[in-house]
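I am opening a notebook page on a structure that is new to me.

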Amino acid sequence: MRRQIPILITTIAGLVFAISYFIPHDPFGESESIFGDWITIVQAFAVWLGALNLLKISFEKISSKSADWPYAAIIVVSLMGTLAVGFYDGYSGMAQDPQISFRDPGTNFDWLYRFIYTPLSATMFSMLAFFVASASYRAFRARNVQATLLLIAGFFVMGGRVPLFDMMISPITDFPVFSWFADWIMTYPNTAGQRAIMIGIALGIMSSSLRIILGIERSHIGGGSG
Amino acid sequence: MRLSSPNLTHNCLRIALFTLSLLLISLNAPLAQDAETAPDTAVVNTEPAADAAILAPLPAANVIAKDLPNDKGGAVLVSWELSPDDDGNGKVSGYLVQRSESKDGPFETAGNAVRGATKFTDNKTDDDKVYFYKVAAYFEYLDAADEKIRITSAATVTGPVQSSAQWFNMNRLYVLLFMLFVAGAIIFYIEKAKKGEEIYIRKIAGIDAVDEAVGRATEMGKKIFYIPGIQDMNDVQTIASIAILGRVAQMAAEYDTWLEVPVSKSMVLVTAREAMKEAYTKVGRPDALQDAQVHYLTDDQFGYAAAIDGMIVREKPATIFYMGAFFAESLILAETGNSVGAIQIAGTAMPAQLPFFVAACDYTLIGEELFAASAYLSREPRQLGSLKGQDMGKGLFILCIIVGVILATFDIWDMSVIFVSR
């Protein structure tokens, strides 16, 4: 029963979703939004599971003084500190007239968000620029025919995205060779390749979904293959 | 009209309106209304009657209201032919669509459409009621006091019309046919596999390397990291990732290698833990699984990337799997893994992230291979049968592309219309 009930629920839910795509009439037409609401509610409650797990693992690391326990201590302090500030702002905001939320501009929580969270996120995102450079360096090394073609395509696409290259070639020809070739690569070979991948993905999703609906694939519910 | 307004902009507008009035008079624009039309006064404000009569645009013609097809009810589609004045010269600012439950009114505003539009969907109808509609072209401008003046044309009443829900969306008929073909092929090959027929599946280098990657970690005595992406369990890529995790966990349990799964969603945490528990039990080592192997980090995209980067740099795992849905963090993770010399196998169905994984990882499962990986690793005949059926679907698409290219090249038929689903 422990396995049969989840499989049955998965099968029914999968079939209802598949049918509702073709039948706009109620009750099928509304099923997607109803299931969507359920997912949101479950996700909201599940956040506690994650937070408690994070605290448990971190406390274990601290108590056992494992190799990276200071990082675990920072996690606990940050999590509890943010929670405390949020609760304090929320509680004190209720007493004000008009009432303010802990997320409103000017609160301590907002300060944490603007001056700690946002810069940290931006720092991580900005590192992408350097990672792109190092990955491109490796990818564009002309070791074989495919890599050489990639290098040529990359050269023209990058050259075509800045006006400098077209300007440099302008004494020879007025035709914007770089931007035209970059557009051509992006519009035809790139789009064709992307679409081929998308078709494959669509078929893969379909095949996976059928395996799940038919109960052949059960790994995601801890049941292995059927 | 006051041409002595201090505001130059308004004066210019006034002159333009005056010129327009003269033009309309010279064209002898029909201003009379027949018995079927209802006079419609200005909605926002009114100018002197003479101005309104001169500036009122010609009405929209051939107004038709019908039930919106292929919907769940509660909507009426109103269409019309453009007003002759709607020629891009600014004589028409838009169209006012009004609705009533009686032919004689009173009419209430259902909505506005921009100039050049020829249809409007009224999404606020009741399937139990009948409605009448009228559409009026209008001209809108600001007067000297900056008040918006709207002058509407005559409007013909059309109806009655009643909205209703449909039992089948005909726009998706071809999708259903394709789906039935592919699903039929998959089930056919699953049944064939059940009967014991051998099914050939091409080799997928990225999946074949899983065994090698787990073995390498075992030899080096280092950890394996498995990153299931940043989407929740309602994403099919995450489901595929958890299915692959089950296979990888079996190998790790057999080799007694530490497999760590940091997750970014609570529901993935629970599911991954169940899959791991099942895998360890299957190889007879349920006691070897520890709670700390599957743990939650954060829901935040870059917080998650930062935490994993830190773990990679500190613990230097021998093998890292990236399987699931990734966004901008894909390269941040993969490049960090590359920098510590880990063997990396990635798989995603996010086309924009594939080039990053290809550049930074040793093996990459491209799109459909991610979904095939679990079946491929299981070597279970029924699962392999589903892959064969999937290939039949691919064959059908290839055939359609070839036929479509030929038909389009000779200008016979644009076959792409059957693939457009609304």
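Entry one, chain B. I began by counting elements in this predicted model, and I found that chain B has 11 helices and 15 strands. I then looked up burial, and noted that of the 422 residues in chain B, 45% are buried. Turning to contacts in chain B between residues at least 6 apart in sequence, I saw that 70% of them join residues at least 24 apart.

Entry two, a helix pair. How do α4(B) and α10(B) cross? I looked up helix α4 (residues 205–220) of chain B and helix α10 (residues 368–378) of chain B, whose axes come within 9 Å and cross at roughly 50°. Because an angle between 35 and 65 degrees counts as oblique, I wrote down α4(B) as oblique to α10(B). The crossing of the two, α4(B) and α10(B), I recorded as right-handed. On the α4(B) side I listed G206(B), I207(B) and V210(B), and on the α10(B) side E369(B), A373(B), Y376(B) and L377(B), as the residues that make the contact. Sorted by class, this contact of α4(B) with α10(B) has 5 nonpolar residues, 1 polar and 1 charged.

I looked up how chain A meets chain B, and found 55 residues of chain A in contact with 67 residues of chain B. On the chain A side, the elements giving two or more residues are α2 (28–63), α4 (108–139) and α7 (177–213) of chain A, and the largest share, 16 residues, comes from α7(A).

Notes: Residues are numbered from 1 along each chain as its sequence is written. Chains are lettered from A and ligands numbered from 1 in the order in which they are written. This is a predicted model: local features need pLDDT of at least 70, side-chain atom pairs count only at pLDDT 80 or more; totals for chains, interfaces and linings use all residues. Two residues are in contact if their C-beta atoms, placed from the backbone, lie within 7 Å. Helices (H or I, at least four residues) and strands (E, at least two) are DSSP runs, numbered from the N terminus. A residue is buried if 20 or more other C-beta atoms lie within 10 Å of its own, exposed if 12 or fewer, and partly exposed in between; C-beta atoms are placed from the backbone. Axes are lines fitted to C-alpha atoms, for helices over the stretch in contact, and angles run from 0 to 180 degrees between N-to-C directions. Angles under 35 degrees count as roughly parallel, over 145 as roughly antiparallel, 65 to 115 as roughly perpendicular and the rest as oblique. A crossing is left-handed if the near helix is turned anticlockwise from the far one by less than a right angle, and right-handed if clockwise. Ala, Val, Leu, Ile, Met, Phe, Trp, Tyr, Cys and Pro count as nonpolar, Asp, Glu, Lys and Arg as charged, and the others, Gly among them, as polar.
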